[in-house]
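Colleague: Hi! Could you walk me through this one in plain words? I am still new to reading structures.

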Amino acid sequence: MTAPPFRKVLIANRGEIALRIARTCREMGIATVAVYSTADRDAAFVAFADEAVHIGPAAPRRSYLSMPGPIEAALRCGADAVHPGYGFLSEDPDFAVVCAGNGLTFIGPRPEVMASVGDKAKVRELMRDAGLPVLPGSDGAVPTAADAERLAAEIGYPVVVKAAAGGGGRGIGVARSAKDLPRVYRETVALARSVFGNGEVYLERYLERARHVEVQVLGDEAGNVVHLGERDCSLQRRNQKLVEEAPSPGLSDRIRAELGMYAVAGAKAVGYTGAGTMEFLVDDRGRVTFMELNARIQVEHPVTEALTGIDLIREQIRIAAGLPLAVKQEDVRLTGAAIECRVNAEDPDRGFLPTPGRLDVFNVPGGPWTRVDSGFAPGDTVPPYYDSLLAKLIVWAPTRAEAIARAERALGEFTVSGPGVATTIPLLRRLVTHPVFAAGEHTTRFVEELLDGRS
Amino acid sequence: MSEERWSEEFRLLRAEVASLIKTIPGAVSTVALRVGDRAVEISWAPHGTAATAPRVEPELPQESPAAPADVTDPSIRSVVAPLVGTFYVAPEPGADPFAPPGTRVEPGQTVGIVEAMKLMNQVPSEWPGEVVEVLVTDGQPVEYGQELVRVRVDGP
């Protein structure tokens, strides 16, 4: 057996993803350091890690979003690399620079690449220059509402106003007519400024009924890039994904090949290294347009793992250590169908209000080809300070129809209850059993139309 | 790095601080700039002095698991680490410690320093009283919420 690429990895994250990263590290013979806030002191990811350091109070700004804690903890514990997970500091180029400045390998792309793809307005231009199709929109940021109105008239309504520094489905506003635009522009700028600390926004044509299809890519330091097929994330509500699957139903071989080609070309154009996701929209006529490049591991990465048999965290770690990609494009085999359901502590009947609380009952499903990634155990309390993700349920089967049946079966086994706790499980069951989903005819508008009683 | 480069960096840093002071609510008490590591250190007046004081965190570090169970004397309070880093009892090596046992302290008086990412964070006592114990030796790593110094608070 070859020596592990790192001795010890500090995981600058929490919850299910921190645990998932630590599991792969252990399989690779790498020791782990967890960092945690006061609210997470009893969490499973803390108990699982070889070492754990208390870095701050519950408020993310003073714990998981603060750089000194993980850096000091890494130095103290003798870690040689830092895995940022998703969210928090994962897409902050400054954090990657600070890691490097302290002799720690940041497990992710190079900071300059993170900076250029993190600016959503700029990456649009980079991809257009690399020959990828983009939606009609502004060249870079739109500084004033008057500019926005002039541009929108050229682009044609509806238009979407997006925060240049946005991500995770936040900082997006849709204007259906010139009447809406000043308000949408103002609101998006204000939100971008308060949430992302950067009020820059850009404009794009809004596609009413499209599919959100993203392609997983891996790039190594030698400049090799492969793609691992697509994931369809069209079942979403207000840009928050609820169900993801692969392969994307109803894609022709031509579109699938086009997506793979664009994903690799785009990643190569920016010198991408590590695991990344190229997001596209596919409209009802099969036209593909680039949306954004996410420079991190994604929540829904297990869907790709299920189809390819490739552990994406392991690949991230290997690439960060300077090792070449373990697979060539022709070695990538996409087998069967996989579905991921995000079980959130939210009440769909009350506008998806988060429902933090104690999990008196938390029975996760098992059985064949059924994977549950969760940071919680029975008796745990879901803290109110972080996202509401309770668990990801991922199922695999040889065909999509069997995968749907398996997802339905597994959701039926999944029981969660506690004082005040509601979950998205009933809604997920409704979605995966819906004839429109079974037929693969849903678009990004489907969930909202269903909830409005229009489907 | 050339002289010109230094001053350019300093100018940028100063502009950054000026904008920070304008955008963050509360009254600023001290500002420290350093160009070598591009450090910026800003201290705000203790909350309550300004009408727009930043929101106080809802939880107390004293509730952390590091807080001692053996202290039953209600007049003994613990000063805990405000962040992860290295604890120092004195402002610089060889200098007199801030607050060895027996020292009288007032609220806001520094009892130690926690260094994190080359920034020195002064740790004040919140209470008037006498330092009875310093629990961490000089130069040792500390976690957030770890008990550093015990103070016997003045009686009513």
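Colleague: Which residues in α9(A) are buried?

Modeller: In the helix α9(A), the buried ones are L259(A), G260(A), Y262(A), A263(A), V264(A), G266(A) and A267(A). A residue is buried if 20 or more other C-beta atoms lie within 10 Å of its own, exposed if 12 or fewer, and partly exposed in between, with C-beta atoms placed from the backbone. Helices (H or I, at least four residues) and strands (E, at least two) are DSSP runs, numbered from the N terminus.

Colleague: Thanks! Before we go on, what kind of model is this?

Modeller: This is a predicted model: local features need pLDDT of at least 70, side-chain atom pairs count only at pLDDT 80 or more, and totals for chains, interfaces and linings use all residues. Residues are numbered from 1 along each chain as its sequence is written, while chains are lettered from A and ligands numbered from 1 in the order in which they are written.

Colleague: Back to that helix, then. What do the buried residues of α9(A) pack against?

Modeller: They pack against α6 (120-129), β9 (210-219), β10 (225-237), β12 (274-283) and β13 (288-294) of chain A. Two residues are in contact if their C-beta atoms, placed from the backbone, lie within 7 Å.

Colleague: And how does the span of α9 (residues 253-269) of chain A work out?

Modeller: The 17 residues should span 24 Å at 1.5 Å a residue, and the end C-alpha atoms are 24 Å apart, which agrees. The expected span of a helix is 1.5 Å times one less than its number of residues. After α9(A) comes G271(A), with a positive phi near 70°.

Colleague: Where else is phi positive, in a residue other than glycine?

Modeller: One of them is R238(A), with phi near 50°. R238(A) sits in the loop between β10 and β11 of chain A, and counts as exposed because it has 10 C-beta neighbours inside 10 Å. Another is F352(A), where phi is near 60°. F352(A) belongs to the loop between β15 (346-347) and β16 (353-354) of chain A, and is partly exposed, with 19 other C-beta atoms within 10 Å.

Colleague: Which residues does a cis peptide bond join?

Modeller: A246(A) and P247(A) are joined that way, with omega about -10°. P247(A) is in the loop between β11 (240-246) and α9 of chain A. The bond from Y157(A) to P158(A) is cis too, with omega near -5°, and P158(A) lies in the loop between α7 (145-155) and β6 (159-167) of chain A.

Colleague: New topic: how many residues does α12 of chain A have?

Modeller: Helix α12 (residues 400-413) of chain A has 14 residues and reaches 20 Å from its first C-alpha to its last, close to the 20 Å expected at 1.5 Å a residue. Its buried residues are A403(A), I404(A), R406(A), A407(A), A410(A) and L411(A). Seen down the axis of α12(A), they fall within an arc of 165°, so they line one face of the helix. That arc is taken from the directions from the helix axis to the C-beta atoms. On the other side of α12(A), A401(A) and G412(A) are exposed.

Colleague: Why does A403(A) count as buried?

Modeller: Because A403(A) has 23 C-beta neighbours inside 10 Å. Leaving aside neighbours within four places in sequence, A403(A) is in contact with A337(A), A338(A), I339(A), V395(A), W396(A) and A397(A). A403(A) and I339(A) are 64 residues apart along the chain, yet their C-alpha atoms are separated by 6.7 Å.

Colleague: Nice. What about chain B: how many helices and strands?

Modeller: Chain B has one helix and 10 strands. An open sheet of four strands there runs β7-β6-β4-β9, with antiparallel pairing. Two strands pair if DSSP finds at least two bridges between them. The edge strands, which each pair on one side only, are β7 (119-124) and β9 (141-142) of chain B.

Colleague: Last one: how many residues does each chain give to the contact?

Modeller: Chain A gives 16 residues and chain B gives 15. On the side of chain A that touches chain B, α3(A) gives the most, with six residues.
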